[in-house]
Amino acid sequence: MDSDSDSDDSADRNGNTGSNGNNTSPGSTDLADATLALSKEEMEQRRIAEGFTSLKWLNTNSTPKTNEEIREIQMSTWKSSVYGHFEHKPKIIIHTKSGKKMYIFKCQKPGKLHRRTIERARNHTTTTNLRKHEQRCTGTTTKPLLKYSRKLLRLKLAQWCAKRRWPFALVNDDEFEEIMQILWTDVELPSSKTISCNIKEFKLETDKNVCKFLQVYALH
Ligand SMILES: [Zn+2]
């Protein structure tokens, strides 16, 4: 259920599967029937060409099922209670550039984040973001909310850059500053040099100590 499979960019939309109608042999009716039922391998090739995660998303003649049919198939496998927090059927959207199919889950429960939406790629099955929303919405999140302070932001940015290998220079981007300002009008961003120095400091600490370090600062 919660396998974090985050790369589904294998979809080859060129459909290079070749033609299946290779009826060169002289036509007995038996053979003609046999060509209708595709072999497992052929179906598998079709599945990969469509970028589908399941053979069930194909009809027996290998044509793709409709987006609505695929959604029904997927919904029948969703057992986690978290789906009950959202409207029964997620909306299907197709990204114009990539053609990627997404599901939009809309919060249906009264709560802080009522009617907020969570987007998830159709090929994904992870419920992490849905659960995070539910916890925030119902106020059952176990993570304490951090309060803004210059020092905490500096340390969090350093931790983020170090952990995810982001370039320190991202803090110099105008767009990054604008996003931060949306969240906190008077935000003061550290320089990339400061981030770099912080990361060097972190290297001297174990992960555990870094957590303690951050918790202490979070209280100030
Ligand atoms: Zn909600």
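Reader: What span should helix H5 have, and how far apart are its end C-alpha atoms?

Author: Helix H5 covers residues 150-164, and its 15 residues at 1.5 Å a residue should span 21 Å, which agrees with end C-alpha atoms 21 Å apart. The expected span is 1.5 Å times one less than the number of residues, while helices (H or I, at least four residues) and strands (E, at least two) are DSSP runs numbered from the N terminus. This is a predicted model, where local features need pLDDT of at least 70, side-chain atom pairs count only at pLDDT 80 or more, and totals for chains, interfaces and linings use all residues. Residues are numbered from 1 along each chain as its sequence is written, and side-chain values use heavy atoms, leaving out hydrogens and water.

Reader: Which residues of H5 are buried?

Author: They are Leu152, Leu153, Leu155, Leu157, Ala158, Gln159 and Cys161, where buried means under 20% relative accessible area, exposed over 50% and partly exposed in between (1.4 Å probe, protein chains only).

Reader: And what follows H5?

Author: Arg165 does, with a positive phi near 60°.

Reader: Changing topic, why does Arg120 count as buried?

Author: Arg120, which sits in strand S3 (residues 117-121), counts as buried because its relative accessibility is 5%.

Reader: What does Arg120 touch?

Author: Beyond neighbours within four places in sequence, Arg120 is in contact (heavy atoms within 4.5 Å) with residues including Trp78, Tyr83, Phe105 and Thr125.
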